[in-house]
Structures are given as structure tokens and as C-alpha cells.
Amino acid sequence: MVGNKKNIEAAEALWWQYAESLNRMMLSYEADRQLREDLSQNVFLALLSSVERVMAADNPKAYVFRIAHNVATDHIARESRYQWHELDEAMEDEGLTPEQSTESEQQKSKLLDAVRGLNLSLRQVVTLLLEDFSQDDIAEILQISPGNVRVRINRAKQLLQQVLK
Amino acid sequence: MNDNEFFQELGQQWQQEKSLPEITVEKALRAQRLLKIKHYFHMALSISMLVVAVYFLWVPFSIITGAASLTLMAAVVVDWYYIIRFRKPITNWVDWSPAGLLRYHQALLRAEITSAKYCVLSSLGLLVFTAFVWGLTFFDEEFKATGFHYIFSAVSVPISLVFIFFYGNKLKNGALKKVFLHDLAKDQED
């Protein structure tokens, strides 16, 4: 059964372990804090419904991220209001103004802003690459060919270089 | 700069963002608040047991009141050891980083397993105590079983057996979860 206590505990344990990386991924998909909480809940529920398969997988981390990316993609498809100028809104939510944030925070925001500006297919590859997934893992997670991953990486690099220079 | 170097450099910057999903910490804090209530309730219960143990020393002494007082005092000592050694670090936990959360859940599990062991042993203790009381009625001619002994036995024996079954299962599940959490923590360290 999906919702039994053992599965919930296993899903929670997986969630705690990858929470930091998953949060970065979700930050890149959703700027609005409230919607990001909804997204987090949905990722957790998806994780719960697949927890037995995750635990049996050769690479559980890749499986968790495949689930998370699928849910996030679905979320974007539903939330047409997704815009990358919403970064300002996210910073206001956390009580920060650009002046108050430190230089490193501004750098992180700039990078997040740049990643959010990529189209979905590139952003998927980049968020995984920035979490140290190998190109083979990315191909497995996104169910695309390794060649396609390399093309997307190259394209994303060009766009990010333009935005971040 | 090749693709790998470019993304490695960005990855270092990207991974400086250490926040957690809001629901994760909120959920843990909510669970911790509930645990604190349970903690204070447990302490109150333990103090009540101590009062009863002392009361048994005040009433006219018999082998039964002496054994009851001794059993209760032993339970109070174990209780306070558990409260200070296992429960207090959890209720005072402040490290909510991802690694901290994992350690928090390991500590919580350790406390749950210890508590389950304690409950199984207490239930066994209660069964032994009940057997001791009935043993007295058989072997001590002056000792007569009263209605209280029948009621006490009718309540304590089934409760003890249910507790042994329930917490025994909890111990088995706890052992499985312990292995799983240990593997996750090891994976995180790697």
C-alpha cells in the first residue's frame, strides 16, 4: 500500500536526504513561495507513491530527481503565470531587498535568475548538471539520449554565458 | 573554458544555496512541538509514579507494598534516564540543515527503539509482579487474594500482553528503519 507508515517514513527519509538539492531545483522552477510549497507537497506525494520503486532502483538519487522533474514539468504546464521576473517577488517574500542582500546572495540570485530564464528543456539539464549529476544520469533521468544531453548542455552554456557575463 | 569547467564553477555557486523546502522544516518543527508536550506529560507521569512509590513506603509496610514501591522507583529511575539521555536532545534540537534533519530522525528513532524496549521490559515486569502476587497466595498461607488482586490481574495481564505484542512489532520495524536511515546517512557523508 502506498500510504502505509513504512512507506511514509521511507519517503520522508529520502526527502530529508535530498531536500537541499530538491529545493534548489524547485527554486529554479517556481519563484512564488506559496506555489513552491504546493510544488514541494506534490513532489513529496509523487515520491511517496513511488517509494518502493525508488528504494529498489540502482540509483535512488537519479530516480528521485526523475520524479521531481516530472512533477515540476507538470507544475509549469499548469502554472502559466511562471515568469522569471518573479524573482523580485520571491526576494520580497523573504524580506530582502536587492540592497540588503550580500554580494554572494546577489550572485546566487543572478544565477538562479539566469537558470529560470532558460527554456524548460535546457533548464532541466542545467539544474541536474549543477547538482553534479553525470551526463549519463541526466540522460536516464530525463529519458533522452546522451547526445541530446550534450547538445542541450552546449546550448545552455552559450545562453548562460551571455546572461552572466 | 570547456563545458565541464564552466558548469563546475557555476555548480559551486549554485550549491551555496542551502535552504530547505519550507514544508520540511515546518513539519519537523511541528513534530518537535508535539514531542515536547509528550515530554512534559511523561515527566509529570514519572513524578506521579514517584509520589505513589513514596506513598507505599508510608502505608503499613507489607511485602506487596514494598515490592510495588521498589518496582515503581526502578521505573522512575529508568524513566528519567530515558528522558535526559534520549528525549531531551530531541526536544532541544536546533540543527535543521539537511544533514541535521537526518541526524534528528536518527536520534528520534534511537529514542523510539529505546522506548519500545523499555515498554516491553516494563510489561514483562508487570507480568512478573502479577505472578509474584499470585505466587504469594499459593505459597504464603497468611496471604489471601482479595477482589483487588483479581481486578488488578484482569487488567494488568491483557494490557501487558498487548503491549508486548505492539511494542515488539515496533522494535522489529524500528530495526529495519534504523538500517535504512544509517544507509542514507552514509550515502550523504560520501
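This is a predicted model: local features need pLDDT of at least 70, side-chain atom pairs count only at pLDDT 80 or more; totals for chains, interfaces and linings use all residues.

Trainee: Why is B:Ser153 called buried?

Mentor: Buried means under 20% relative accessible area, and B:Ser153 has a relative accessibility of 11%, so the residue counts as buried. Its place is in helix α5 of chain B, which covers residues 147-189. Apart from neighbours within four places in sequence, B:Ser153 is in contact with B:Thr130, B:Trp134 and B:Pro158. The C-alpha atom of B:Thr130, 23 residues away along the chain, is separated from that of B:Ser153 by 6.3 Å.

Trainee: How do you know that B:His39 is buried?

Mentor: With the cut-off for buried at under 20%, the 4% relative accessibility of B:His39 places this residue in that class. B:His39 is found in helix α2 (residues 22-58) of chain B, and, leaving aside neighbours within four places in sequence, its contacts are B:Ile83, B:Arg87, B:Lys88 and B:Thr91.

Trainee: What makes α7(A) roughly perpendicular to α9(A)?

Mentor: Helix α7 (residues 120-130) and helix α9 (residues 146-164), both of chain A, pack at an angle of about 90°, with their axes 9 Å apart. Angles of 65 to 115 degrees count as roughly perpendicular, and therefore α7(A) is described in that way relative to α9(A).

Trainee: Which residues of the two helices meet?

Mentor: Among them are A:Leu122, A:Val126 and A:Leu129 in α7(A), and A:Ile153, A:Ala156 and A:Leu160 in α9(A). The residues of this contact divide into nine nonpolar, two polar and two charged.

How values were computed:
Residues are numbered from 1 along each chain as its sequence is written. Chains are lettered from A and ligands numbered from 1 in the order in which they are written. Side-chain values use heavy atoms; hydrogens and water are left out. Helices (H or I, at least four residues) and strands (E, at least two) are DSSP runs, numbered from the N terminus. Buried means under 20% relative accessible area, exposed over 50%, partly exposed in between (1.4 Å probe, protein chains only). Contact means heavy atoms within 4.5 Å. Axes are lines fitted to C-alpha atoms, for helices over the stretch in contact, and angles run from 0 to 180 degrees between N-to-C directions. Angles under 35 degrees count as roughly parallel, over 145 as roughly antiparallel, 65 to 115 as roughly perpendicular and the rest as oblique. Ala, Val, Leu, Ile, Met, Phe, Trp, Tyr, Cys and Pro count as nonpolar, Asp, Glu, Lys and Arg as charged, and the others, Gly among them, as polar.
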